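Hi,

Here is the structure I promised to pass on. My notes on it follow below.

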Amino acid sequence: MELFFKGIKLNVEIPKEFDASKDTVIFIHGFTGCAEDWFPIIEQLPDSFNYAAIDLIGHGKSDKPVNPDYYTTESIIEQIKFIKDKLTSSNPAILIGYSMGGRAALSFATTHPKEIKGLILESSSAGIKNDAERKKRYEDDLNLVQFIHDHTMEEFIELWYDQEMFNTQRRFSNDKIKKLHRKKYDNSKIGLMNILKGFSTGIMPPLHDKLKTIPVKVVLISGELDSKYTFINSKIVRGFHKAKHKVVKNSGHNTHLEEPKRFVEIVTNYLIQLLPAQVQK
């Protein structure tokens with residue numbers, strides 16, 4: 001589905017039949033990802049819900065405008081609300097976001113708490129509270145922007161996935177790694193550079209003081225082998241009104257890729273609890 005927001009195209013994938021009488025689950029991918037990343041997960045989830053996956057601005061089949069105004073936190077929140085309202089006729093939706101997509105989902109949820117019926121954040125954060133650390137992160141992201149500008153997309157993807165938090169993916173076969181990376185070579189330099197500049201963790205407003213405004217039960221997911229994000233989530237889980245932190249064994253940063261069976265189990269259990277009691281039986 002192609003939707004047009006203030007002159008730009010936003011792509012939304014709907015891999016299963018859409019029934020307006022059902023609640024809608026909206027998936028948001030991470031940096032360098034796309035909506036199709038969620039297809040293997042969605043096909044295993046219960047048919048009691050509608051499922052949609054967004055291509056964030058600058059990614060996948062959505063537009064990659066040069067104008068940086070489309071990549072700010074405020075604009076991304078507006079874009080998610082626009083898509084959600086188109087899909088749900090302004091009813092609340094369930095958001096599931098991975099990494100950068102989790103920050104986008106959380107930014108939306110704290111801005112529009114009455115617009116969500118559920119929230120799952122995978123390997124994500126609430127931003128950076130410390131001013132010096134936030135400044136350092138933004139400088140690091142601007143260095144990545146310069147690298148993207150000066151190198152090929154293939155060279156950038158190799159650099160990006162050489163980070164420690166992706167080391168656990170080295171257990172995959174060489175063919176699988178090549179396939180995963182090759183898929184990301186189609187990313188746009190403009191799209192990735194602009195979203196790093198506009199929605200860096202170093203420039204996103206920290207949300208720690210707003211977590212309690214989210215009225216629904218939240219599930220935080222992180223990989224056992226991703227010590228950085230497991231630590232972050234073990235801390236922020238206390239900030240929500242009602243939240244649980246699920247640690248996925250034998251997984252690194254991308255739990256839905258590395259341990260999809262467990263990820264599907266966690267999401268399914270969460271979704272079933274949102275169904276009316278008579279349907280759960």
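A polar contact here is a pair of N or O atoms within 3.5 Å; within protein, one must be able to donate a hydrogen and the other to accept it, and residues adjacent in sequence count only if both atoms are side-chain atoms. Ser75 has one of these: its side chain reaches the backbone oxygen of Tyr70 at 3.4 Å.

Before going on, this is a predicted model, with local features needing pLDDT of at least 70 and side-chain atom pairs pLDDT 80 or more, while totals for chains, interfaces and linings use all residues. Numbering runs from 1 along each chain as its sequence is written, and side-chain values use heavy atoms, leaving out hydrogens and water.

Back to Ser75. This residue sits in helix H2 (residues 73-88); helices are DSSP runs of H or I with at least four residues, strands are E runs of at least two, and both are numbered from the N terminus. Ser75 is buried, at 7% relative accessible area (buried means under 20%, with a 1.4 Å probe and protein chains only). Setting aside neighbours within four places in sequence, Ser75 is in contact with Phe5, Asp69 and Tyr70 (contact: heavy atoms within 4.5 Å).

Then there's the sheet. It is open, with eight strands in the order S1-S2-S4-S3-S5-S6-S7-S8 and mixed pairing; strands pair if DSSP finds at least two bridges between them. S1 (2-5) and S8 (243-248) are the edge strands, each pairing on one side only. S2 (residues 8-13) and S4 (residues 50-54) run antiparallel, joined by two bridges, and Glu13 stands opposite Ala53 in S4.

Cheers

Note on methods
Buried means under 20% relative accessible area, exposed over 50%, partly exposed in between (1.4 Å probe, protein chains only).
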